[in-house]
Amino acid sequence: MSRSQLDISSDSLSLKDISSSSHPHDDIESALDTHSDGGPSYPPQSTPVYIDKTNNTTTTFELRAVPTYLSDRSRRPSSLKRETFEKSIHTITVNPSNDDSCNSSIRVDSAPDASSTVVNVNQVSSNEASSADVRATQPKLTKKQQQRYSMLHFLALCFSTWLMGWNDGTAGPMLPRWQEQYKVGFSVVSLVFVGSCFGYICGGALNVWLNDRLGMGKIVVLGALCQVVGYVIVIPAPPFPLLVCAYIILGFGISLQGAQANGFIGSLQEHMSTKLGMLHGSYGFGALTSPFSSTFFSGFDNKKWGYHYIILECLALLNLCFLIYVFRFRRQEEILLEGGQEPQSESVAQPHGANKYRQIFAQKSIPLLTIFSVVYIGVEVTLGGWIVTFIIRERHGGHSSGYISSGFFGGLTLGRVGLMWLNKMVGAYRIIIFYSLVAIALEFTIWFAPSIIENAVAVSLVGLVLGPMFPLLVSHMTQILPRWLLTACVGLVSGIGVAGSAAVPFITGLLAAKYGIASLQPLMISMISVMLLAWLCVPRGARRVE
């Protein structure tokens, strides 16, 4: 069988048939001349072909010059030396035709100090073939049908996110009732948040692994099923340790759903920023409506506060059925195609056999984005939860103080939907800095102004400026991260970030047990400052590698 070799350099390309030579390297050396700049040159040739003398078949190869818009490194004249030429050759196995007996070897020359990368083109071809199979198995849909399915996908994720907000908005009014029933202090009742934190971290870390094996449709159903199980445990007002275990399960399920929802919306090519704002606005709306129910049931004696979770259980079952009906256990590529978006092939850019976790954390911005996400979500949930206890203890508010939590989440919802025009006008990077400074100033007024009305208004305004930050974070990630890692990165950052909704409230409980609930505002100011510092270190708009 003949073997062809493709010699590629930054100056020119050629294909040389060396099957007749007994010493292939001699042919290569004889073909190499030296430019005045020291780079190799090749004799001009016509359109290169591959001839299989066994089967008398011919395959034509089309070679293209390196585009001039690439980086300086790719345009630099080659300075390869003869003695290092053989050491800088990587082999790529290809299959130029459908005949399995016809194989060729492509030789790629690179700088001697370049890291060796082996790409299995057969693997890439199989992945492209699988993408083609996905398109082939999908029924032919009209543009109107695709738009209808795309809207259905978005509404299903919005309802799931709304239920997450309902879950997080429940904790604030319930904390005083839990302390009274279980006769525990601030630090012990905060173990509920520790359980949630553990579940969130496990869900965020496992989401990347599960995404490659199960796909989006199965993962969101798994998360919704965990929510159903968790609420079943909480309904009878169980012993406190079992309550903590239930919140571990709830945290795991919510983390999976949140990671997949953010990753899916972040992968959209049309109206991505607008849909992100509306998606997170649905979270705020859920957290806004939840305190009306949880505040009402928290006033009941004995274990009747658990009746509130009957409502949550019904909503969780509806969410489970909705996700099964809409996504039907399919992978994200199939869902995107149903909505009219061609799935992008990620396998071409990924080194074969590479560990995805290693690739994600090789992105220098990921730790900073994760810190920002953890602190932001922690501040959001802590203010929405512990502010009720702060108003009752420090401002001597009554049972209706639980509605202040609704004011905070109402501002959160309004900010995510109503300030999108300002975000687009100013830009994500600068507007987050502005919002953070305004939030710090408002927290100072809550700390030093002993007025329930002023505190309630200021808390709502804090929610207004905090609201747009997380959608802006996800939108900024789409600009600085590789497209083929985007879903995994957004899922990991948002999944682990949800752990902040448990970690920061737990820290608040520990400080409140030692210094009193008045320590809430200094903690919030310091957390927002840490969030601002992390954001200042995030790249403004690094070139995204495709």
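**Loops, cores and ring pairs in a predicted model**

K183 sits in the loop that runs between helix 5 and helix 6 (186-189); helices here are DSSP runs of H or I with at least four residues, numbered from the N terminus. The structure is a predicted model, so local features need pLDDT of at least 70 and side-chain atom pairs count only at pLDDT 80 or more, while totals for chains, interfaces and linings use all residues. Residues are numbered from 1 along each chain as its sequence is written, and side-chain values use heavy atoms, with hydrogens and water left out.

K183 is not a glycine, yet its phi is positive, near 55 degrees. K183 is also exposed, because its relative accessible area is 72% (buried means under 20%, exposed over 50% and partly exposed in between, with a 1.4 Å probe and protein chains only). R328 is another non-glycine residue with a positive phi, this time about 50 degrees. R328 belongs to the loop between helix 11 and helix 12 (332-338), and with a relative accessible area of 41% it counts as partly exposed.

Now for the inside. A nonpolar core is a set of buried Ala, Val, Leu, Ile, Met, Phe, Trp, Tyr and Cys residues joined through side-chain atoms within 4.5 Å. The largest one has 123 residues, and W178, F327, Y376 and L466 have the most contacts inside it. At least three of its residues come from each of domain 1 (142-342) and domain 2 (357-545), with the bounds taken from an automatic or database domain assignment. A second, separate core has 5 residues, among them I219, C226, F252 and L256. As for W178, once neighbours within four places in sequence are set aside, its contacts (heavy atoms within 4.5 Å) are K183, V184, V189, V192, L243, Y247, W305 and Y309.

Aromatic rings come next. Rings of Phe, Tyr and Trp (its six-membered ring) pair if their centres lie within 6.5 Å; planes under 30 degrees apart are stacked, over 60 edge-to-face, and the rest tilted. Searching the whole structure turns up 22 aromatic pairs. In one of them, Y231 and Y309 have ring centres 6.2 Å apart and planes at 45 degrees, so this pair is tilted. Y231 is in helix 8 (residues 216-234) and Y309 in helix 11 (residues 308-327), so the pair ties together parts 78 residues apart in sequence. Both Y231 and Y309 are buried. For Y376 and F470, the centres are 6.0 Å apart and the planes at 15 degrees, so that pair is stacked. Since Y376 lies in helix 14 and F470 in helix 19, the pair ties together parts 94 residues apart in sequence. Y376 and F470 are buried too. Ring pairs also link W178, Y231, Y247, W305 and Y309 into a cluster.

Helix 15 (residues 403-418) has 16 residues and reaches 22 Å from its first C-alpha to its last, close to the expected 22 Å, a span worked out as 1.5 Å times one less than the number of residues. Its buried residues include F408, F409, L412 and R416. Among the elements covering the buried residues of helix 15 are helix 5 (143-182), helix 14 (365-394) and helix 19 (469-480).

Finally, the cysteines: with a disulfide taken as a pair of cysteine sulfur atoms within 2.5 Å, the count is 0. C202, for instance, is in no disulfide, and the nearest cysteine sulfur, that of C197, is 9.3 Å away.

Methods:
Helices (H or I, at least four residues) and strands (E, at least two) are DSSP runs, numbered from the N terminus.
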